[in-house]
Amino acid sequence: MNIDFSGRVIVVAGGTGGLGRAVSLAFLGESAKVTVTYRKEAEFRELKDSAGQTASSLEGREIDVTDEDATAEFINGIIARHGSLDVLVNTVGGYAGGVKFWDMKTNVLDQMLALNLRSGYALARAAMPAMLKAGHGSIVNVAAKAALDHAAGAAAYAASKSAALTLMDSLAADAKGTGVRVNSILPSIIDTAANRLAMPDSDFATWPKPQDIAQVVLFLCSDLAKTIHGAAVPVYGNA
Ligand SMILES: NC(=O)c1ccc[n+]([C@@H]2O[C@H](COP(=O)([O-])OP(=O)(O)OC[C@H]3O[C@@H](n4cnc5c(N)ncnc54)[C@H](OP(=O)(O)O)[C@@H]3O)[C@@H](O)[C@H]2O)c1
């Protein structure tokens, strides 16, 4: 399978995170121009180091992507600089759980909605005008298995991921026939450093690797997936 992103302009929100990092490096490996959002300068520097010879195609910006104005300014800046925006991948998100609904603090619901719903909303709102004008583009939003499978102890998380999936489904319906494709992926658990620390006794071998999920994202964003629009792709592996 040959996926070539030569010269394509890609934004990976949360591109220094556990999954975002792998997605960013995979796009760079296919000759794309990648801009990531980050929150910690040190994590961006680390990504830059990992990018090796492709580091010159990597840019980064410290930004809160739940802030709609800041996000619009960021995306417009990329379009002004590069002349287009071909791909938007949103890997920003967060988890809160282990608490019964009636014990949950209300601010946790607000946090989950901001991280898991508002991030994708602000980013897609900012990207869509230019993509519609160009008549092409691809958006992949990272939801979660919890969007469909609502386990105990994570009501706010599940609700926010479910809403994120619904948002992208509705956006896909709006974008039908425009040349802009919108899809979601649904990880269950990912083999990230943070998860290994949090669950040291787990069998890491069963957890999908960020690099493997990144390949699914690249496929969805590539012309090979031109018939895939409005999908929610499970990336559970054997987890
Ligand atoms: N890891 C899993 O097992 C798993 C399972 C199912 C779904 N997912 C979903 O997959 C996606 C990626 O997960 P991950 O494990 O890679 O998460 P992660 O390592 O926490 O990466 C997310 C990145 O987004 C950044 N971020 C957080 N809030 C932000 C904001 N307001 N504006 C800009 N950036 C922000 C984080 O920065 P900080 O590090 O500074 O917070 C981090 O760099 C998320 O949507 C997550 O919910 C993950």
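I began with Phe219, which counts as partly exposed, having 15 C-beta neighbours inside 10 Å. I note at the outset that this is a predicted model, and I read each entry below with that in mind. Phe219 is found in helix H7, and once residues up to four places away in sequence are set aside, it touches Ile3, Leu224 and Ala225.

Ile3 sits in the segment before strand S1 (9–13). Apart from neighbours within four places in sequence, Ile3 is in contact with Glu30, Leu218, Phe219, Ser222 and Leu224. For a contrasting pair I looked up Ile3 and Ser119, which are 116 residues apart along the chain and whose C-alpha atoms are separated by 27 Å.

Next I went through helix H7 as a whole. Residues 210–221 make up this helix of 12 residues, and it reaches 16 Å from its first C-alpha to its last, close to the 16 Å expected at 1.5 Å a residue. Its buried residues are Pro210, Ile213, Ala214, Val217, Leu218, Leu220 and Cys221. These lie on the same side of H7, because they cover an arc of only 160° around the axis. I recalled that an α-helix has 3.6 residues a turn, so residues three or four places apart point the same way. The buried residues of H7 pack against H1, strand S4 (87–90), strand S5 (137–142), strand S6 (180–187) and strand S7 (232–235).

Ser31 has a positive phi of about 65° although it is not a glycine, and it is partly exposed, with 13 other C-beta atoms within 10 Å.

For helix H5 (residues 155–175) I noted 21 residues and a reach of 30 Å from first C-alpha to last, close to the 30 Å expected at 1.5 Å a residue. Its buried residues include Tyr157, Lys161, Leu165 and Met168, and what covers the buried residues of H5 includes H4, S5, S6 and S7. H5 is followed by Gly177, whose phi is positive, near 80°.

Last, I turned to the ligand. Which residues are the closest to the ligand? Of the 26 residues that surround it, the closest are Gly14, Gly17, Gly18, Leu19 and Gly93. The elements that give two or more residues to this shell are helix H1 (18–29) and helix H6 (193–198), and H1 gives the most, with 3 residues. Sorted by class, the shell around the ligand has 11 nonpolar, 12 polar and 3 charged residues.

Key
Residues numbered from 1 in each chain as written. Predicted model: local features only at pLDDT ≥ 70, side-chain atom pairs only at ≥ 80, totals over all residues. Near = placed C-beta within 6 Å. Helix = DSSP H or I, 4+ residues; strand = E, 2+ residues; numbered from the N terminus. Nonpolar A, V, L, I, M, F, W, Y, C, P; charged D, E, K, R; others polar. Expected span 1.5 Å × (residues − 1). Buried ≥ 20, exposed ≤ 12 C-beta atoms within 10 Å, placed from the backbone. Arc of directions from axis to C-beta. Contact = placed C-beta atoms within 7 Å.
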